[in-house]
Amino acid sequence: MNIEALIASSIDGLMLGFVFGLMAMGLTLIFGVMKVINLGHGPFIVMGMFAILVMSQLGINPYLGLVIVVLLGLLTGIVVYFVAVHRVINAPELTTLLATFSVNMILIGALTIIFSTSPRGLDLELPSFRTGAITVLGTRFVAVLVAVGVTIALYSFLYRTRTGKSIRAVANNRGAAELMGINSSWILALSFGIGTLLAMISGGLLATLFSFTVLSGGGLEVKSFVIVVLGGLGNPTGALFGGIIIGLLESITTIFIPVSWVPVFEFVVFVLILLFRPNGLFGAR
Amino acid sequence: MKTLSSPFIWIILVVVGGASLLPILTNSVSLREDMFLMLMLVILASSINIIMGYTGYVSFGHIVFFGLGGYLAFFLMKEFQVQFMLAALVGGAGASLIAFFIGIPVLRLRGAYFALATIGINEAFRSFFTNFDLFGGAVGMFFNFSVYDAYGGAKNAGQLAYYAMVVLALVTIGTSFVIKKSKFGLGLMAIREDQDASMVLGIDPARLKVLTYTISAFFPAVAGALFFFKNGLIEPGPAFELHRSIEALVMVMLGGYGTVTGPIVGAVVYERLRGFLITDPTLSNAHLVIAGVLLLLIVLFVTAGVIGWVRQRVPALRRYLE
Amino acid sequence: MSTTNSVILTIENVSKRFGGLLALDKVNLSVKEGEIFGIIGPNGAGKTTLFNVINGVYPPTEGRVKFRGEDVTGLQPFDMSKRGLARTFQVVRPLSELTVRENVTVGACFGREHLPLEKAEKVADEVLEYVGLAERKEMLASKLNVAQKKRLEMARALAARPILLLLDEVLAGLNPHEVADMLGVVRKIRDQGITILMIEHLMHAVMNLSDRVFVLDYGAQIAEGTPQEVSNHPKVIEAYLGDPKVAQRFLEGAA
């Protein structure tokens, strides 16, 4: 076996893993704060992709476009929260699952009308670094930087700011937080907005790496579930590690087994973790 | 049995059975195709309702049993020329057996964790079958036309599959009713309302849940066998299509969670609506958006579903709308 | 009334530890057939934990539980139910989306006698009559008020036709009139020959009702005996002295 190939795919997988981690972080944040499994996660990722696509067609640099995506994501999330989730936030989980699934249908339907389902891609060239068999694509490198930057920003927000602390308080105990004078509706909406913007940024980054369609969200959503469960439902740091594990797994295992077996392995691990380590690989038992 | 003396279930069975005769009486193949699909959805939704509506376990990936039953039966029919009804029953039994063994560990999970696990199970099977060469791998399996010779040709086979689907739908609805009205069903509903309290009241939730899951896997599996028998082709994608599971959940919610009639009404309304939206030229592009908006309105404002809503509004009808 | 001397429930050296917290510390008690046995103690003394250990919600860390001569330590709640143990919850747990009658039918169907549905429904009707909820039997359980929910809990437990009934603060949250009604129900149940083990905060009630009283404090038993004996016990007075008013009521209650 070729050691260079191993290193090359490890680096590749690691870099991809950061983006996957960022992608899953939005899903896990929303679950952590309000115990809602957001089935609109996939379309949010896709919205990020198409937002970047449209902006690059308008001549805006994709990376600059990410800043706009942040605002767009926050706004979208808050609107979706108040329209679809707020009314049923205390209902059984099936209700919120279906509410977010209807958001999924509406968004995918609307995106299909606007963009059709044909494959798209960005025309983006960045210099690559090369040593021997190891090539690091510039786009991937920047994606990692952005993913790490966003993660740091998220954590500073959650731990350093008053609003961030309120979010954590609501996640811990909504009733108690309300007694402390926190307006939980607003905090929940904001958290949903942040979860959405994380999904959209990761979508934007993925758009710089791969080609995509309106329907790419489905697979990425399921992948996000796997990552979230690996890292522990509701745990953003866990999601980042989960993303890295999946990224590495997908690239390294392909050296040993055919690519098509990777998902079998992934999903079996997913179910086993739910059964035996429901708090994730790193969570307390 | 006292339960079967209820007028309600006979009315339902007569209505569904009567509707199923229409395509035969009118000799319309396209109507028969529509009804075939509709009955299949009724079976899927009713089965999901047994585990979800009665027991409170949201089996998101329930379609896995449709795929498993379909694959098992298809393999038997193709490789061993097993008669299709026998193959379908074996497929159903096989899927139930798998549900039994999966259910033991997975039904210990609650709420969102269970829902996610069922998605994982479906995806694991789908990706496994994509790689499983004995069952045709990614391209799946297809029949030679000679398979249909035993049934008097493909046209006749389609007709037979239709009759079988009608019978299966009636049996599924009947089972759903008998469960709901039985001591067993009462135990399930106690588990749904408060599992810990139900244990203190003398219920062994693990046993009841696994049995329920096993039963609710059987009907979709037989339906899958019939569907792919008529189709002549089975592939991993359509066999384990998560979206279809979610649609079936939507039907249950639409019609009324935990009722016998709810899933039937939900399946019919959803499918008619989708059919209408897709065929209307101006609406066809927007069909997903419209369906999504309708679903959202129902979820937000008519939580009990159509049947639940009627039951709340017109108490006199309760006896007839279980 | 059949107050024989045969022991129906024995707790031997039972301890229960949650992480670093010792919720029960070597508790010993025995309940005799036909009596009303009261358990009292300050908040957090471990009373409900003791109930949970007895009916199998969780196993004890140490010690044994014996019910009618059989070692039942570590059995599941549904096993205990079949052996004739029923209980009510301190915080009521109605099966909200089921009707009152269905709630009670569950108790009869899966209780000690494991009745078939139709017989269970008849039992449910009888029991609902007995606790005074008959007119509300077609209502959803969630629509009842607190006092009615407490009665429902009681009815559900009774429908199981238990031998031993554990009552966890059935009087809490009731107004004086409702308390008097409930006390009547409890006495009637005992007169049917059902042994009752009850946790209660309302001192005058527990002192008037109980044949024997057991006092827990910080997971340990500090006294056991007739209401008079217990209320004069120095340790009990000490445990309740943190609140002199309670101590006062305590003594008056026993008188």
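## Nonpolar patch on chain B

Patches are made of residues with over 30% relative accessible area and no salt bridge, with nonpolar side chains (Val, Leu, Ile, Met, Phe, Trp, Tyr) joined within 5 Å and like charges within 9 Å. In this predicted model, B:Leu21, B:Leu22, B:Leu25 and B:Leu31 form such a nonpolar patch on the surface, and together they have about 380 Å² of accessible area (Shrake-Rupley method, 1.4 Å probe; for residues, only the protein chains shown count as cover).

Helix α1 of chain B (residues 7-26) gives the most to the patch, with three residues. Helices (H or I, at least four residues) are DSSP runs, numbered from the N terminus. B:Leu22 lies in helix α1 of chain B. The relative accessible area of B:Leu22 is 46%, so this residue is partly exposed (between buried, under 20%, and exposed, over 50%; 1.4 Å probe, protein chains only).

## Interface of chains B and C

The contact (heavy atoms within 4.5 Å) takes 20 residues from chain B and 28 residues from chain C. Between them the two chains bury about 2,000 Å², 70% of it on carbon and sulfur atoms; buried area is the accessible area (1.4 Å probe) that two parts lose on being put together, summed over both.

Two salt bridges cross the interface of chain C and chain B (a side-chain nitrogen of Lys or Arg within 4 Å of a carboxyl oxygen of Asp or Glu). B:Asp194 and C:Arg93 are joined by a salt bridge between their side chains, at 2.8 Å from N to O. On the side of chain C that touches chain B, the elements giving two or more residues are α2 (77-82), α3 (100-110) and α4 (117-131) of chain C. The most comes from α3(C), with six residues.

## Basis

Residues are numbered from 1 along each chain as its sequence is written, and chains are lettered from A and ligands numbered from 1 in the order in which they are written. Local features need pLDDT of at least 70 and side-chain atom pairs count only at pLDDT 80 or more, while totals for chains, interfaces and linings use all residues; side-chain values use heavy atoms, with hydrogens and water left out.
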